[in-house]
Amino acid sequence: MKLSVSVVVCFALFAGNLFAQQGLGPMEAPPATPVESLAYDAAFFPGAVYDEDISTPEELLGYRVGDRAATHAEIEACMQAWDAASDRTKLVEYARSYEDRPLYYMVVSSAANLRRLDEIKENLGDMADPRRGGGRGAGRLVNSTPAVAWLAYSIHGDETSGADAALAVTYHLAAAQDDEVVRMLDELVVIIDPMMNPDGRDRFLKQVREHRSVGPNVDDQSLLHTGYWPWGRTNHYLFDLNRDWILGVHPETRGRIAAVNEWRPLLFVDSHEMGSQDTYLFSPSREPVNPNLPKRRLHWWDVFSKDQAAAFDAHGWRYYTGEWNEEWYPGYSSSWAGFRGAVGILYEQAGIAEDGVRRPEGTILTYRESVHHQVESSMANLGTLLEHHEEMLREFIDERREAVSSDGPFAGKVYAVVPNGNESRMDRFVHLMLLEGFEVHQATRSFRGSGVDRLGRKVEDHEFSAKTVLISARQPEAALIAAMLEFDPRMRASFLEKERREILRTGNSKLYDTTAWNLTMMHDVDGYMLDMELPGEAELVQERGRIGGAENALNSVAFVIGGMDDRSVSAAARLMERGVEVRVSKKKFNFDGQEYARGSIVVAHDDNRLFKGDLGEVVDEVCAELGVKAVGVASGLGPGVEVPDLGGEHFVLLERPRIAIAGRGQTSSYSFGAAWHALDHRVGVRTSQINIESLSRTDLRRYNVLVVPSMFGSLEDSAREELATWVEQGGTLVALGGAATALANEESGLSAVRRLRDVLESLDEYEIAVLREVAGRVAEVDEESVWGQGVPEELEHPWAEAPERESLEELKRRDAWRLLFSPQGAFVAGRVDDRSWLTAGLGEYVPVLYAGGTALMAKTPVEAPVRLGVFEPADEEAAANDEGVDDEKPASARAGWAITPAGMTMRLRMSGLLWPEAAQRLANAAYITRERRGAGQVILIAGDPVFRGSTLGTGRLFLNAVIYGPGMGAQETISPVKRE
């Protein structure tokens with residue numbers, strides 16, 4: 001039966017009235033059932049009286065601080081409103097994120113102090129550098145200068161409570177009328193950095209909004225609380241900004257470093273969150289403590305922690321110190337600040353994304369209460385600084401005096417970096433040193449000095465060339481310089497004992513992060529630690545800059561870009577994107593009397609006869625953008641028959657890379673982000689991001705290079721099959737870290753590389769591969785035996801004197817035991833195959849930051865362009881260290897699973913903790929492998945080659961693989977659906 005329109009309307013109205021009587025609209029969800037204990041109404045500052053002309057947070061936000069997490073735009077609006085309304089505030093924009101969000105700090109102090117901020121900064125600068133100030137008395141400066149506190153919040157975007165606490169603290173200091181706040185602002189300048197990672201925060205809050213339901217959710221396993229790949233912890237390129245303080249890769253960090261350098265804070269707070277079922281952690285840290293951290297920091301940690309604990313005890317809140325929090329890596333926010341003169345204090349609040357979380361005891365910790373914890377900590381630390389700032393300022397001055405003293409602990413030491421033709425790495429290194437506030441000098445002529453190199457080898461009265469970069473240890477930032485540049489800081493024996501026992505008892509490490517980070521090793525520049533003061537022939541360096549472009553274009557047959565410089569890879573990629581045909585050299589060569597390294601880029605006019613446009617103009621434009629030089633050469637003839645000529649086999653025509661990076665699924669967001677950033681920012685080449693979970697449904701023909709970042713687990717069968725077909729047709733597959741490990745087994749069907757534990761029964765075959773590689777570089781010839789007519793009765797074989805191997809069962813036991821001691825992150829030396837196109841731009845060895853237990857095994861026909869461990873003559877190594885040669889040592893002993901060639905020794909560890917057991921496993925393992933598969937190739941790299949955007953040596957391997965791979969190592973048979 002059909003109903004008339006009037007009947008339908010009447011029914012609808014009746015139903016609507018019915019729902020309305022029950023409190024529901026016709027399309028509304030029923031109200032949420034109440035959750036007991038979810039309300040948190042405690043006042044953050046009970047009894048406080050505020051200036052009524054300054055808007056409260058609730059008036060600006062429309063909700064109380066802590067009722068939910070505020071967005072970047074909401075926090076910005078509050079800060080701008082208070083800056084406009086209060087005479088105690090000054091808002092400063094110090095950086096812009098990759099997504100163009102402004103980053104601010106708010107200066108809060110008395111109106112009188114704000115009027116003399118320039119004078120305060122000048123005084124602080126005089127105290128920070130005892131060589132300044134024209135002899136002004138330290139006592140007068142201490143009495144007339146307020147101390148600075150820097151409160152920094154939420155550097156991890158999904159650790160949201162800190163930024164909301166910043167709102168409450170800022171408003172209270174800007175508007176409160178009580179005597180305590182007035183006194184505090186008379187004697188202190190408080191700088192509040194409310195949100196250090198706006199891109200990550202807004203990404204995470206978007207995920208929270210996506211999973212918000214009608215009712216509150218207190219289950220911390222819910223996506224409301226956890227988020228999803230790539231989560232919100234990291235910045236736009238998925239980097240952890242709380243590791244970047246000594247690396248200076250990102251604009252957020254660079255802006256912050258410059259800002260902190262201006263203000264010289266005595267207190268630096270770094271507010272974080274941790275697991276939602278935890279409680280609250282604050283400093284002090286436990287061992288290991290970096291030996292370069294000034295000792296008085298430990299005293300002040302105790303003083304501040306007692307006041308912070310008392311504040312928590314007053315509320316009955318639980319907390320702890322130490323436990324998992326150690327102080328070895330100097331690149332965390334509060335750690336970095338500690339080397340600069342501040343007391344760095346870490347907060348770690350149990351993380352609550354929204355509403356609250358039910359805890360094991362049945363209670364609910366609300367988001368608003370978590371914000372309250374951060375507020376209480378901030379105010380407690382400010383109170384401690386207020387009471388002790390004059391004593392702390394005097395100690396700050398004393399530390400700085402000691403740092404520059406001619407008879408102090410930093411006297412007679414200089415860090416030297418020798419130029420090697422890789423100007424882009426040197427420029428980047430010097431830029432970072434200047435950003436950190438270090439004084440950098442350059443030798444104007446050659447000089448002689450003694451000390452040690454990066455491998456720990458002694459150098460005596462060595463001649464250093466002009467233009468060597470020099471950083472004296474004896475300057476105001478001496479502690480941070482030592483922390484960043486000292487080659488091999490050592491942990492205390494007492495901690496090593498605890499660490500070893502922990503590993504043996506539980507299989508876990510007490511270390512939280514990498515144990516190595518030396519910046520000359522990170523940048524792979526040729527560094528030395530010299531026992532001397534600055535030579536007289538040294539001048540102060542400001543900023544290094546390069547003017548690039550093309551020269552000698554007239555009547556040239558080709559343009560050449562030197563291959564030692566990493567920018568040459570970028571030049572090749574960007575020229576190819578603009579349609580230019582580009583070659584790369586497999587061997588060093590000499591044109592027009594100028595020698596060029598292998599890996600140099602050649603743009604020949606003959607190759608580009610079909611190019612539409614002015615070739616010289618495009619080459620000039622691309623090189624100018626990069627600050628690299630292209631030299632026009634009049635002839636392609638090399639001097640002598642051993643030197644390559646332009647038309648020969650040593651100049652390989654490249655194929656434009658069409659790059660995809662697989663992400664999501666089980667891939668590491670850190671590894672993905674580092675690869676993406678390297679290609680986007682260091683090279684400036686286009687990439688496509690594809691979903692690794694959809695590989696079997698993706699048209700891979702559009703790409704000729706696929707980067708698979710480190711991952712957990714393995715690829716699905718269908719994905720492996722799709723990849724195998726794509727590689728066979730000419731694709732270049734570059735797998736990193738865990739992805740390389742996943743492919744290094746028989747089941748993958750993509751690689752002949754294997755893991756050490758899988759080939760213990762056939763180690764002799766891999767050992768011979770190592771011996772062949774070494775002999776291929778040092779073998780000598782006995783002419784008489786070669787040209788003799790007889791047949792020799794005996795021949796020498798490099799493995800003849802090797803000890804007999806243990807049984808397979810014993811090898812398995814030993815490997816399992818050694819695996820326990822895998823490094824957390826240590827620099828090891830990788831020996832370089834000087835004939836591989838993958839190693840262009842590297843020296844004889846490359847620092848490899850190695851973490852984990854992966855040991856890749858490669859034998860012919862697989863290539864291993866970099867293996868771990870550097871061989872050198874045993875007598876030379878002993879002489880360099882004033883040691884005698886051990887005559888008892890067998891002629892051919894094994895380092896791990898492979899023989900050390902007779903008369904040689906191996907150097908492996910460069911910096912960081914590497915247990916002897918780990919050294920045994922890793923020696924001679926392949927760091928990077930390359931193998932042909934049909935028309936394509938598979939390249940495996942055992943770790944993350946562009947770790948934190950800063951390992952430039954191994955990063956060059958990665959860039960070579962991606963940019964040069966389609967032309968150098970594969971035959972192009974893949975045709976994209978449509979060329980651009």
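**A loop residue and a strand**

Tutor: Start with a polar contact: a polar atom of the N422 side chain lies 2.8 Å from the backbone oxygen of M564. Keep in mind that this is a predicted model.

Student: Where is N422 placed?

Tutor: N422 sits in the loop between β12 (414–418) and α15 (423–435).

Student: Is N422 buried or exposed?

Tutor: N422 counts as buried because its relative accessibility is 3%, and the cut-off for buried is under 20%.

Student: Which residues does N422 touch, leaving out those up to four places away in sequence?

Tutor: With those left out, N422 touches M564, D565, D566, G841 and R956.

Student: New topic, strand β32. How many of its residues are buried?

Tutor: Strand β32 covers residues 826–832, and seven of its seven residues are buried.

Student: Which residues are on each side of β32?

Tutor: One side has A826, V828, G830 and V832, while the other has F827, A829 and R831. Both faces are covered.

Student: How many bridges join β32 to β33?

Tutor: Six bridges, and the two strands run antiparallel. β33 spans residues 845–850, and within β33 L849 stands opposite F827.

Student: What about β40, which residue there is the bridge partner of F827?

Tutor: That is S911. β40 (residues 909–911) pairs with β32 in the antiparallel sense over two bridges.

Student: And β35, how many bridges does it have with β32?

Tutor: Two bridges, also in the antiparallel sense, with β35 made up of residues 863–868.

Conventions
Residues are numbered from 1 along each chain as its sequence is written. This is a predicted model: local features need pLDDT of at least 70, side-chain atom pairs count only at pLDDT 80 or more; totals for chains, interfaces and linings use all residues. Side-chain values use heavy atoms; hydrogens and water are left out. Buried means under 20% relative accessible area, exposed over 50%, partly exposed in between (1.4 Å probe, protein chains only). Helices (H or I, at least four residues) and strands (E, at least two) are DSSP runs, numbered from the N terminus. Two strands pair if DSSP finds at least two bridges between them. A polar contact is a pair of N or O atoms within 3.5 Å; within protein, one must be able to donate a hydrogen and the other to accept it, and residues adjacent in sequence count only if both atoms are side-chain atoms. Contact means heavy atoms within 4.5 Å.
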